[in-house]
Amino acid sequence: MVLLAGVAGFLVVTSPATWSMIHPTRDQADAGPADLENGRTIFLASDCATCHATPGQPDQTRLGGGRVLDTDFGRFHMPNISPDPVDGIGNWTLAQFTRAVREGVGPDGILPDGQNLYPSFPYTSYQRLDANDLRDMYAYIMSLEPVAGQVPEHELTFPYNIRRGIGLWRLAFLDGQPLPSADEDSADPHQALLARGRYLVEGAGHCAECHSPRSFMGNVIADSRYGGGPTPDGHGHFPNISPDETGIGFWSVNAIANYLETGISPIGKKAGGDMEEVILNTAQLSREDRLAMAMYLKSVPAVDAPGPGRPEPNRTPTVVMLERPAGQAPVLPTSPVAVLAEAADVHVVTTKPLFLDPARVGTEGAEDGKLLGGARLEVLAREGDRMQVRLDGWQAVGAEQVVYAERGQRILLAVLGDAAMAAVSRKAPEEDPGTGQPWARASLTAWVDGQGLHADLPALWGYAGDLFNSSCATCHSLPHTDRYLANQWIGNLNAMKRFTSLNDEQYRLLLAYLQNHSRDVGPLAEAE
């Protein structure tokens with residue numbers, strides 16, 4: 001009986017109907033015809049195509065979904081929102097569309113009260129949109145070409161895979177309130193422009209959803225709003241866009257408006273990654289709308305939050321030199337001995353020797369090859385500090401002194417001496433379809449010591465992502481994973497190495513990270 005009461009209470013509290021009952025009814029769309037041009041403007045300002053356009057094709061109006069968002073909670077698959085009646089939202093009514101966008105409730109739930117939508121869909125910002133704009137955006141989306149094709153279900157860890165539980169989150173973090181209207185009696189002509197900017201930034205543009213840190217519950221931390229924060233996968237950082245010295249305080253209103261049009265910052269830094277796609281949309285807005293957004297961003301509270309690896313600004317009249325003792329090598333992250341002792345797999349952090357004979361481990365000059373940063377090793381046995389490991393990879397036929405991570409990809413894992421080359425176990429060669437060259441799966445069993453290893457690959461990639469942000473992001477934004485091929489990263493990064501303070505080990509690890517997150521390797525390639 002108690003169990004039944006608990007289940008019933010959970011269903012009531014998490015019901016979308018419960019949220020609706022305790023929040024005021026919002027405005028309804030006018031009866032007049034939809035304005036498709038305004039609908040397109042709201043569509044662009046809302047950046048819908050960045051998440052919902054079908055990957056691998058240039059048309060931003062083909063909204064077949066399929067993009068994958070990696071987060072601490074799991075992997076979100078962006079849905080099909082084209083007007084396809086089977087796989088998209090072609091059968092949704094305007095009322096259902098409005099409820100989904102403003103309240104985070106879809107019409108396809110198991111129970112008749114609707115389906116709670118995950119807040120990876122930024123309805124905490126879209127709740128600010130007014131009904132007429134939603135009517136117009138709905139009509140615009142319904143005017144686009146239907147795209148057939150279903151998207152996989154989200155792949156989330158427990159308890160986040162219990163969709164019904166999102167009802168509790170909505171009760172805590174969705175207030176359902178519109179933004180205050182502009183003061184129509186104000187003599188200041190800038191007030192209307194500022195109100196428009198607030199509407200576009202806080203509502204349609206949902207800028208705070210990316211450019212703010214979040215709590216462990218996934219909600220934006222209010223007093224750090226617009227202060228920047230980690231990317232969902234934890235491998236990058238969204239910059240501080242508040243008007244603080246650590247953000248964009250030195251940018252003028254015109255500079256911000258120009259950035260929203262061109263993607264070029266006042267110091268010549270070009271937008272990259274997701275922001276590059278955002279610029280494709282904001283560039284199509286009117287100049288007045290871009291100026292309105294810029295004005296509003298200059299008015300939000302400043303947040304003192306330097307990016308990763310950046311020092312606090314010196315706000316004193318005294319010249320302060322940053323500490324960097326000459327010759328001091330940076331400390332790369334490694335796992336404690338106790339963690340390595342239990343790990344089934346380990347990953348190379350710093351270049352290290354490998355040995356075929358365990359008795360020679362640690363003997364200078366006796367190594368049979370070298371393992372490079374980012375290489376994955378399966379642990380087979382342990383003898384004190386020594387580990388017997390297996391390295392799996394690929395070798396190009398005729399170049400057996402090198403082991404690569406993938407067929408056709410120059411992602412270096414190891415360089416081998418003569419004895420190690422002879423000890424490699426190889427499968428029958430396969431032709432790489434991209435180059436026509438023969439490659440063979442290769443496996444080598446060897447011994448290593450316990451130094452320079454990490455058992456947590458996401459943590460290691462997180463360090464490498466921070467390296468990119470702190471060393472390269474002064475001039476470059478972190479490219480999206482579909483920007484470069486794995487082999488392209490070799491030349492691109494090598495050309496810029498001399499402009500950084502990275503040592504060889506950091507450079508090697510950073511290259512491995514970028515190659516393993518490139519267009520043709522990793523999660524994106526798997527999704528395709």
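User: Is Tyr484 buried, partly exposed or exposed?
Analyst: Tyr484 counts as partly exposed, because its relative accessibility is 25%. Buried means under 20% relative accessible area, exposed means over 50%, and partly exposed is in between, using a 1.4 Å probe and protein chains only.

User: What sort of model and numbering are we using?
Analyst: This is a predicted model, where local features need pLDDT of at least 70, side-chain atom pairs count only at pLDDT 80 or more, and totals for chains, interfaces and linings use all residues. Residues are numbered from 1 along each chain as its sequence is written, and side-chain values use heavy atoms, with hydrogens and water left out.

User: Which residues are in the aromatic cluster with Phe121?
Analyst: Phe121, Tyr123 and Tyr126 form one cluster. Tyr126 is buried, with a relative accessible area of 7%, whereas Phe121 is partly exposed at 22%.

User: Back to Tyr484, what aromatic pair does Tyr484 form with Trp489?
Analyst: Tyr484 and Trp489 are edge-to-face, 4.9 Å centre to centre with 80° between the planes. Trp489 is buried, at 8% relative accessible area.

User: New topic: how do β13 and β14 run?
Analyst: β13 (residues 402-406) and β14 (residues 409-416) run antiparallel, joined by four bridges. Strands here are DSSP runs of E, at least two residues long, numbered from the N terminus, and two strands pair if DSSP finds at least two bridges between them.

User: What's in the turn of that hairpin?
Analyst: Two residues lie between the strands, and Gly408 in the turn has a positive phi of about 80°. Glu406 has Gln409 in β14 as its bridge partner.

User: Last one: what lines the largest cavity?
Analyst: The lining includes Leu354, Leu371, Val389 and Leu444. β17 (438-448) gives the most, with three residues. The volume is about 40 Å³. A cavity is a set of points, on a 1 Å grid over the protein atoms alone, where a 1.4 Å probe fits but cannot get out, and lining residues have an atom within 4 Å of a point. Grid points are joined across faces, edges and corners, and a volume is the space filled by probe spheres set on the points.

Definitions and conventions
Rings of Phe, Tyr and Trp (its six-membered ring) pair if their centres lie within 6.5 Å; planes under 30 degrees apart count as stacked, over 60 as edge-to-face and the rest as tilted. On a 1 Å grid over the protein atoms alone, a cavity is a set of points where a 1.4 Å probe fits but cannot get out, and a pocket is an open set with protein on both sides within 12 Å along at least five of seven lines; lining residues have an atom within 4 Å of a point.
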